[in-house]
Amino acid sequence: MRFRHRAAALAATLALPMAGLVGLASPAQAATSATATFAKTSDWGNGFGGKWTVKNTGTTTISSWNVEWDFPSGTKVTSAWDATVTNSGDHWSAKNVGWNGTLAPGATVTFGFNGSGPGSPSNCKLNGGSCDGTSVPGDEAPSAPGTPTASGVTDTSAKLSWSAATDDKGVKNYDVLRDGAKVATVTGTSYTDNGLTKGTDYSYTVQARDTADQTGPVSGAVKVTTTGGDGGGNPGGGEEVKLGYFTNWGVYGRNYHVKNLVTSGSAEKITHINYAFGNVQGGKCTIGDAYADYDKAYTAEQSVDGVADTWDQPLRGNFNQLRKLKAEYPHIKVIWSFGGWTWSGGFPDAVKNPAAFAKSCHDLVEDPRWADVFDGIDLDWEYPNACGLSCDETSAPNAFSNMMKAMRAEFGDDLVTAATTADATDGGKIDAADYGTAAQYIDWYNVMTYDFFGAWAKNGPTAPHSPLTSYDGIPQQGFNSAEAIAKFKAKGVPADKLLLGIGFYGRGWTGVTQSAPGGTATGPAAGTYETGIEDYKVLKNSCPATGTVAGTAYAHCGTNWWSYDTPATITSKMDWAEQQGLGGAFFWEFSGDTANGELVSAIDSGLK
């Protein structure tokens with residue numbers, strides 16, 4: 001999957017001042033007595049260094065801390081360490097990171113920051129009380145109960161059990177939450193939930209309440225799938241897949257969030273989401289962007305369900321928003337995709353030990369904090385035994401099938417998919433790996449039938465980047481969707497395990513005088529985020545289509561020449577996919593569509 005914007009997006013994000021981050025809500029949870037004190041450690045005129053010291057002055061252990069203060073206008077934090085620092089205007093908040101939240105009685109912890117401006121902090125609060133500890137309640141909230149386990153799952157019910165929480169004054173009862181909403185309050189440590197829908201995924205957590213009615217942190221989540229369904233939307237089961245990629249970096253410059261899937265009307269028209277990307281490093285699957293993935297705080301207005309994130313909830317960011325999306329649209333399956341154009345360089349080392357690699361991926365995807373969010377894994381290796389951004393010169397042709405076999409063994413009945421090349425040239429990238437052998441282990445392939453041609457060939461000839469078929473004058477035979485699909489079928493891949501790829505963007509040149517394809521150019525056309533590429537939502541107005549070739553549209557406006565898919569060409573491609581018996585279609589990626597989801601609607605209506 002194309003991932004060319006990633007480095008630039010990260011660089012832009014890291015350069016943002018911390019004042020731009022969303023502030024966190026004040027805590028609702030009580031804490032033991034504690035103090036927080038500030039000291040300026042250095043001063044260089046237009047900036048300074050600061051250090052906070054948090055000390056547990058009580059008699060019981062603190063499990064987390066959050067220091068809040070106000071700066072005068074013009075003073076702000078520019079960088080910080082050993083704490084997660086956020087702000088809302090001049091009000092600042094510093095929350096412990098994972099390793100330094102627990103403080104035994106008498107223990108201290110420090111965190112530091114660099115700042116700009118002349119002011120000093122005021123109005124300090126620690127876990128909601130005075131920083132000197134005098135007004136902090138001494139009654140601790142309960143601990144988190146154990147992650148529930150499920151048993152006796154039927155078409156309409158499931159029994160949940162969990163280990164007890166602890167509290168200094170005693171636990172009164174437990175709230176049982178299904179998909180984030182309370183469904184019951186019980187005094188014991190088990191509950192049977194009835195009235196469920198067959199073949200549906202649910203997420204359950206538990207939260208303890210003490211005798212003072214304080215609630216503690218939510219437990220880890222367990223995913224429960226009721227019986228009687230078709231096993232997760234395998235195209236072989238009859239349901240055509242309508243899958244879109246959601247990029248974690250889209251929440252930055254593109255300002256595209258999970259809620260946009262709802263407001264555009266797209267959520268009700270898709271069946272699957274590929275969440276892109278996790279990284280592949282050191283032989284393991286790893287987090288791609290921790291802040292966007294599970295830490296970014298959403299306001300009520302930004303959130304899928306209209307409920308704001310709080311500072312102490314166990315999961316935020318895109319993962320929590322996807323959880324909320326699935327609660328409202330339970331037909332949607334979410335798959336975590338690893339690799340991509342930029343992060344495929346780690347695959348050759350990882351597949352030297354396929355079993356260990358698969359286990360690392362399973363451990364990450366099924367982490368108790370977000371196990372209920374994901375329904376499987378997608379591997380986007382660009383490209384096995386071939387060259388993409390980097391070249392794989394060490395893997396044998398069977399490295400890909402060995403990897404997919406290990407993934408299937410580790411993930412069991414969960415979805416296991418892969419994005420693949422569409423290079424159907426003789427001896428090209430499809431021929432470089434054993435995709436036919438690997439097909440027995442996967443649910444489907446996302447065949448990337450786009451980016452065949454573009455302004456990396458700066459002088460042209462101009463050509464559609466996503467041709468459905470060949471045509472007279474095509475610059476390279478084998479670079480079209482029909483030949484790619486035919487080649488996969490010839491290698492033994494069942495048609496219903498192949499998805500046709502659609503790009504929600506165009507590729508273009510400038511310095512072009514010829515309207516028809518095949519013209520010369522002087523370089524890539526200007527684009528919003530990268531030269532030579534632009535979203536459909538922009539191109540439909542800035543450079544409307546003037547013709548079609550090989551099943552896709554092109555446009556000549558001024559000296560620019562673009563090719564892209566429109567609702568009309570997508571409809572014709574969906575008809576072709578159905579005639580071929582394909583498992584469905586997928587697209588890269590949601591944010592390129594219009595605010596009312598024109599292209600998603602065309603895929604939905606085209607796949608009957």
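Reader: How are helices H13 and H14 oriented to each other, roughly parallel or roughly perpendicular?

Author: Here's the general idea: two packed helices are described by the angle between their axes and the distance between the axes. In this predicted model, the axes of H13 (residues 567-579) and H14 (residues 598-606) cross at roughly 30° and come within 8 Å. Angles under 35 degrees count as roughly parallel, so H13 and H14 are roughly parallel to each other. The crossing of H13 past H14 is right-handed.

Reader: And which residues make that contact?

Author: On the H13 side you'll find Pro-567, Ile-570, Thr-571, Met-574, Asp-575 and Glu-578, and H14 brings in Glu-598, Leu-599, Ala-602, Ile-603 and Gly-606. Sorted by type, the contact of H13 with H14 has six nonpolar, two polar and three charged residues.

Reader: What about Asp-193, buried or exposed?

Author: Run the accessibility check again: Asp-193 comes out at 2%, so it counts as buried. You'll find Asp-193 in strand E14, residues 190-193.

Reader: Which side chain does the side chain of Asp-193 make a polar contact with?

Author: That of Arg-178, at 2.9 Å. Apart from residues up to four places away in sequence, Asp-193 touches Thr-156, Ser-157, Ala-158, Arg-178 and Tyr-204.

Key. Residues numbered from 1 in each chain as written. Predicted model: local features only at pLDDT ≥ 70, side-chain atom pairs only at ≥ 80, totals over all residues. Heavy atoms only, no water. Helix = DSSP H or I, 4+ residues; strand = E, 2+ residues; numbered from the N terminus. Buried < 20%, exposed > 50% of the residue type's maximum accessible area, 1.4 Å probe, protein only. Polar contact = N/O pair within 3.5 Å; in protein donor to acceptor, adjacent residues only side chain to side chain. Contact = heavy atoms within 4.5 Å. Axes fitted to C-alpha atoms, helices over the stretch in contact; angles between N-to-C directions. Parallel < 35°, antiparallel > 145°, perpendicular 65-115°, else oblique. Left-handed = near helix turned anticlockwise from the far one by under 90°. Nonpolar A, V, L, I, M, F, W, Y, C, P; charged D, E, K, R; others polar.
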